[in-house]
Amino acid sequence: MGISTQDTAPPPTPKPSAAEQKRAARGATRPGDRIFLGLTRGSGIFLLVIMAAIAGFLTYRAALAISKDEGNFLTTFDWNTSADPPVFGIAVLAFGTVVSSVIAMVIAVPIAVAIALFLTHYAPRRLSGPIAYVIDLLAAVPSIVYGLWGALVLVPHLVGLYSWLDEYLGWTGIFEWQGGAPRTMLTVGILLAIMILPIVTNVSREVFRQAPQMIEEAALALGATRWEVIRMAVLPFGRSGVISASMLGLGRALGETMAVATVLSSDFLIHTSLLDPGGGTFAQNIASKFSEATQFGRDALIASGLVLFVITLLVNGAARAIIARRKEYSGANA
């Protein structure tokens with residue numbers, strides 16, 4: 001009687017578990033890879049430690065000041081840390097910071113996206129190169145130079161614009177102008193828009209360059225116009241990149257100091273019109289008061305800096321959430 005091959009076949013080798021496969025792969029890793037992995041992991045942990053140290057320092061010094069504040073830190077329209085008892089609040093600073101940053105984003109982002117699309121899909125190479133170079137130079141200009149230019153050139157030349165806004169849109173109350181030098185929140189927003197324009201443009205330009213050429217060529221072959229290709233292929237692909245670029249620009253707008261301090265006529269009032277002189281921002285208030293502040297006054301300024309720190313974290317967290325919800329446009333699967 002013959003012996004079947006089925007009876008003599010060796011038993012199947014058990015498949016290693018996931019943990020065993022991971023250990024085997026880790027053992028096969030070269031020493032250089034392990035060193036590089038350790039360095040990158042250590043760098044990430046170090047960054048988290050720095051962020052935690054900054055947050056801890058700001059929280060501790062802010063708690064010392066807020067505990068002695070006789071008013072409401074979030075709603076008080078005053079900043080007098082030398083009074084007895086001291087009274088200070090961030091209502092005006094928060095309003096001015098948000099309003100000036102929103103104005104800057106409304107002006108800068110559409111223009112930056114348009115410039116990026118022009119450089120990547122319309123302009124010839126001999127023209128796009130010099131324009132991109134000039135934009136890169138704008139990103140390297142110090143903020144104090146922008147501030148001096150804004151105070152000496154931009155402010156005097158905005159009188160005509162303010163008169164036009166007051167004549168045709170003054171009935172809204174938002175653009176009502178009472179005369180005087182235009183050292184207002186609108187001027188600050190325009191200056192911030194000019195400052196963040198190179199950042200948003202450069203990042204958006206690089207994102208649009210990564211759009212899949214095969215999709216664009218296929219759309220053109222089907223008879224789509226250049227604008228239809230941009231609308232259906234380029235913009236959806238670069239949407240998350242544009243959001244990231246906008247958040248980088250917003251981060252600079254929120255924390256800009258010297259340019260705002262040079263242009264703005266600050267006070268601690270919330271004005272309903274964007275053309276009224278006055279207002280203030282977190283960074284401008286810290287820069288103007290820190291050198292003459294007492295120890296308690298510096299703690300109060302650090303407390304306002306903590307609020308700006310939290311606002312920046314919330315803005316970046318919201319941007320990450322928006323990008324995560326639109327992963328199909330991130331270009332990862334292209």
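In which helix does T187 lie? In this predicted model, T187 is part of helix α8, which covers residues 185-209. T187 has a relative accessibility of 0% and therefore counts as buried, the cut-off for that class being under 20%. Apart from residues up to four places away in sequence, T187 touches L154, V155, L158, Y162, P182 and V263.

Helix α8 also packs against helix α5, which is formed by residues 125-139. The crossing of α5 past α8 is left-handed. On the α5 side, the residues that meet α8 are A132, I135, D136, L138 and A139. Their partners in α8 are P198, T201, N202 and R205.

The largest nonpolar core of the model holds 65 residues. Within this core, W79, F88, L186, L191, L192 and F208 touch the most other members. Helix α8 is one of the elements that give two or more residues to the core. The others are α3 (31-66), α4 (91-121), α6 (143-157), α7 (159-169), α10 (226-255), α11 (258-263) and α13 (295-325). For L192, contacts were also listed with residues up to four places away in sequence left out. On that basis, L192 touches S100, A104, A253, E256 and V260.

D299 counts as buried because its relative accessibility is 7%, below the limit of 20%. When neighbours within four places in sequence are set aside, D299 is in contact with R61, A62, L64 and A65.

The model can also be set beside the database record. An unreviewed UniProt entry gives the feature "transmembrane region" at residues 44-66, 86-119, 131-164, 184-204 and 300-323. Two of these spans are described here. Residues 86-119 are 85% helix and 6% strand, and the C-alpha atoms at the ends of this span lie 54 Å apart. Residues 131-164 are 88% helix and 0% strand. For residues 131-164, the distance between the end C-alpha atoms is 31 Å.

Terms used. Residues are numbered from 1 along each chain as its sequence is written. This is a predicted model: local features need pLDDT of at least 70, side-chain atom pairs count only at pLDDT 80 or more; totals for chains, interfaces and linings use all residues. Side-chain values use heavy atoms; hydrogens and water are left out. Helices (H or I, at least four residues) and strands (E, at least two) are DSSP runs, numbered from the N terminus. Buried means under 20% relative accessible area, exposed over 50%, partly exposed in between (1.4 Å probe, protein chains only). Contact means heavy atoms within 4.5 Å. UniProt positions are given in the numbering used here, feature names are shortened, and annotations may be inferred rather than shown by experiment. A nonpolar core is a set of buried Ala, Val, Leu, Ile, Met, Phe, Trp, Tyr and Cys residues joined through side-chain atoms within 4.5 Å. Axes are lines fitted to C-alpha atoms, for helices over the stretch in contact, and angles run from 0 to 180 degrees between N-to-C directions. A crossing is left-handed if the near helix is turned anticlockwise from the far one by less than a right angle, and right-handed if clockwise.
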